[in-house]
Amino acid sequence: MRAHFLKIIFLLCMHIMLLSCVTKGPHPDDPYEPINRKIYAFNTVFDKKVVQPPTKLYATIIPAEVRAGINNIYNNINMLPTLANDILQAEFQQAILDFWRFVINSSMGLGGIFDVASQCSLPLHENDLGITFAKWGDKHSPYIVIPFLGPSTIRDGMGLIFDYTLFTPYPYIRNDVIIEGLLLLRYIDLRSRMFDTDRLMQEAPDPYTFMRDAYLQHRNYLILGEQAIP
């Protein structure tokens, strides 16, 4: 488990170190565009050759209802960092709602398999440490592409590491086989939910720019709300 976490830190730290050694690009939010494009190209090949084959098999042999239950379980686990960041942002009313969503789905929803809470007017809400850092003042962080994981910012990438280690139960699972299996399943399940966006990416004149702008706009909306809409 610790070795797995160290690998994540190593990849991110190496990526940030490389950023300081490259020629900066013209986009103000993407100053490290040259190396970001190279990592994006690597991720694209990795996705096509390594990730898509098992993901397509997963989507073919696992019924949609079962995949929905799997996604619900992971979404329920993600309520823990969401709740923690609600509190860190002093969003106490939202924290109460998210707490009850977690309790209802963990109990009546059988560990989150069934999304009972949404039927009780407690819709899915996601929050993370990257948003917390932004609301604490770090609103403009350079865009980066993380190997194997995809679009992010330096702020969001660091937030991902701390969310994982501080607010999720995964670090407390001592069996490396179990934890790696859980994370791999989540990785494949999330990728299977992105097949509908593949066509949009393929039709975009510049898929890299399309992904970057979509990511930054989405994150800005999560941080600023309606103020992010021009």
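**Labels and their grounds**

Visitor: Why is Ser192 called buried?
Guide: Ser192 has a relative accessibility of 12%, and because the label buried requires a value under 20%, Ser192 counts as buried. Please bear in mind throughout that this is a predicted model.

Visitor: Where does Ser192 lie, and with which residues is it in contact once its neighbours within four places in sequence are left aside?
Guide: Ser192 belongs to helix 8, and with those neighbours set aside it is in contact with Thr55 and Tyr58.

Visitor: Which other residues of helix 8 are buried, and against what do they pack?
Guide: Besides Ser192, the buried residues of helix 8 are Ile179, Arg186, Ile188, Asp189 and Arg191; the buried residues of this helix pack against helix 2, helix 3, helix 7 and helix 9.

Visitor: How do you know that the length of helix 8 agrees with what its residues should span?
Guide: Helix 8 covers residues 176-192, which is 17 residues, and at 1.5 Å a residue these should span 24 Å; the end C-alpha atoms are 24 Å apart, so the two values agree.

Visitor: What makes Asn175 a cap of helix 8?
Guide: A side-chain oxygen of Asn175 lies 2.9 Å from the backbone nitrogen of Val177, at the N-terminal end of the helix; because a polar contact requires N or O atoms within 3.5 Å, the 2.9 Å pair falls inside that limit.

Visitor: Why is the pair Asp30 and Arg212 called a salt bridge?
Guide: Their side chains meet with N and O atoms 3.1 Å apart, and because the cut-off is 4 Å, the pair qualifies as a salt bridge. Asp30 lies in the loop between helix 1 and helix 2, whereas Arg212 lies in helix 10, so the pair ties together parts that are 182 residues apart in sequence. Both Asp30 and Arg212 are buried.

Visitor: How do you know that Glu33 and Arg212 also form a salt bridge?
Guide: The closest N and O atoms of Glu33 and Arg212 are 3.7 Å apart, and since a salt bridge requires a distance within 4 Å, this pair is counted too. Glu33 in helix 2 and Arg212 in helix 10 are 179 residues apart, which makes this a link between distant parts of the chain. Glu33, like Arg212, is buried.

Visitor: Which residues are linked in a network of salt bridges?
Guide: The network links Asp30, Glu33, Arg37, Asp206, Arg212 and Asp213. By the same rule, the count for the structure comes to 14 salt bridges.

Visitor: Why are Arg219 and Asp156 both called buried?
Guide: Arg219 has a relative accessible area of 9% and Asp156 has a relative accessibility of 7%; because buried means under 20%, both residues receive the label. Their side chains meet in a salt bridge, with N and O 3.0 Å apart, and the pair links helix 10, which holds Arg219, to helix 7, which holds Asp156, across 63 residues.

Visitor: Why is Leu110 called exposed, and what stands out in its phi?
Guide: Leu110 has a relative accessibility of 55%, and because exposed means over 50%, Leu110 counts as exposed. Its phi is near 55 degrees, a positive value in a residue other than glycine. Most residues other than glycine have a negative phi. Leu110 is found in the loop between helix 5 and helix 6.

Visitor: Why does Ser121 count as exposed?
Guide: Ser121 has a relative accessible area of 63%, and since the label exposed requires over 50%, Ser121 qualifies. Ser121 is placed in the loop between helix 5 and helix 6, and has a positive phi of about 60 degrees although it is not a glycine.

How values were computed:
Residues are numbered from 1 along each chain as its sequence is written. This is a predicted model: local features need pLDDT of at least 70, side-chain atom pairs count only at pLDDT 80 or more; totals for chains, interfaces and linings use all residues. Side-chain values use heavy atoms; hydrogens and water are left out. Helices (H or I, at least four residues) and strands (E, at least two) are DSSP runs, numbered from the N terminus. Buried means under 20% relative accessible area, exposed over 50%, partly exposed in between (1.4 Å probe, protein chains only). The expected span of a helix is 1.5 Å times one less than its number of residues. Contact means heavy atoms within 4.5 Å. A polar contact is a pair of N or O atoms within 3.5 Å; within protein, one must be able to donate a hydrogen and the other to accept it, and residues adjacent in sequence count only if both atoms are side-chain atoms.
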